[in-house]
Amino acid sequence: MVVFEDVTKIYDDETVAVDGLNLTVEHGEFMVFIGPSGCGKTTTLQMTNRLKEPTSGRILVGGRDTKEMKAVDLRRGMGYVIQEIALFPHMTVAENIYVVPELLGWSKQQKVDRARELLHLVDLDPDIYMDRYPMELSGGQQQRIGVLRALAVDPDVLLMDEPFGGLDPLTRDQLHEELKQLQDKVNKTIIFVTHDMDEALKLADRVTLMRDGKLVQVDTPEEILRNPNDEFVANFIGSERRLISPLDVQVREVMLKGVPTIGPESGMDDALRLMQEKDTDYLAVNDGDQFLGMLSAHRLQVLRLEGDPGGQVKDANLINATVDSRETMMTAVHRLAESQEHVLGVINRKGQLVGAISRGWLPDILAKEMWPKEAAGYETEES
Ligand SMILES: Nc1ncnc2c1ncn2[C@@H]1O[C@H](COP(=O)(O)OP(=O)(O)OP(=O)(O)O)[C@@H](O)[C@H]1O
Ligand SMILES: [Mg+2]
């Protein structure tokens, strides 16, 4: 977790680069900073790893005031990637990745193993790429190595300052995908700076919009698109993008939350009773916090007609179609059609159930997105 408390930076020439910044970036969160040139994004990142010191206020990382930490120790726990990749040209890919591990006194074997592991993460064959020099790589490949180098000693926090700025759109798209997958696999707290609203909306859990050193809006991409705080935000987003298609909305924004759960060993009668009691057509079958599948009223009905309402819930041919909570509704609708099921379990990064999308709910969800005023009485969240 990274916490900014009243952080202000005034440079020697009296430029106020950051002005009373208050913000908490949660553990594991992908936070994107965006705003016009000169609004203080880079300064904020550089204060986070103490390349620059705040004039006033404090920054806490993992609960500790960074001022009380040695800058070197702080930076070891924090990867930093910038646009001007800055790989050492006279060092091979492997040697570039070894830089920080070397400072920490890792053994040769540890370093080699780590470099190989990292290269596999981004689908670069270590046998081919370990011994290449930066100039023997494409721009996108160099950028990947820049990211890997920042990840080498497994830092909790990753600071990225327009890391993909100079790349062509195709390579960027590919690196976005890789970065998202990486975030799933290694679960870092990421603070990512960009100028590009599309990039922000695509990657962010939350977006922080800055102007003249101040926060203008901190929200999920959907919230920013739907409810820009003021003219400035609206203009920055661009008016055309505010007419977001309901199918572009992330599943987690609209899913049905609070699906009742039942244990795998429970009987069918219990399941039926719970459905009636909770007035729901679906139950999530969970073993501890592990999601096994959904049980539907329809399925229970079929079992009854077959004259076999007995047995345990786990033997009821559970519905195991799922969708990741960060996917779009477009994907969810496709998944429903493809699976021929009536409901999808919505799962988080850890594979745990966080909600559901059912065919029955779809019209309401879409209506609420398209005509929020008319559908205002309608709530997708269980209250
Ligand atoms: N060393 C410095 N001395 C004086 N002013 C500085 C210094 N570094 C940055 N600034 C000023 O502080 C403000 C914020 O700069 P910063 O680099 O944080 O902006 P930014 O949001 O990253 O911009 P960009 O999008 O162009 O990278 C700008 O007005 C800039 O000119
Ligand atoms: Mg900058």
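Which residue is the bridge partner of Ile 262 in S12? Let's work up to that one and a few others. This is a predicted model, where local features need pLDDT of at least 70, side-chain atom pairs count only at pLDDT 80 or more, and totals for chains, interfaces and linings use all residues. Residues are numbered from 1 along each chain as its sequence is written, with chains lettered from A and ligands numbered from 1 in the order in which they are written.

**Exercise 1. Find the partner of Ile 262 and place its strand in the sheet.**

Step 1. Go to S12 (282–287): the partner there is Val 285. Strands here are DSSP runs of E, at least two residues, numbered from the N terminus.

Step 2. S11 and S12 run parallel, joined by 2 bridges. To count as a pair, two strands need at least two bridges between them in DSSP.

Step 3. Zoom out, and you get an open sheet of 3 strands, ordered S11-S12-S13, with mixed pairing. S11 (261–262) and S13 (290–296) each have a single partner strand, so one side of each is left without a neighbour in the sheet.

**Exercise 2. Trace the neighbours of S9.**

Step 1. Start with S3 (residues 30–34), which pairs with S9 (residues 206–211) in the parallel sense over 4 bridges. Here Ile 34 sits opposite Leu 209.

Step 2. Now take S10 (residues 214–219): its pairing with S9 is antiparallel, over 5 bridges. Thr 208 has Val 218 as its bridge partner.

Step 3. Look at the turn. The S9–S10 hairpin has 2 residues between its strands, and Asp 212 in the turn has a positive phi of about 50 degrees.
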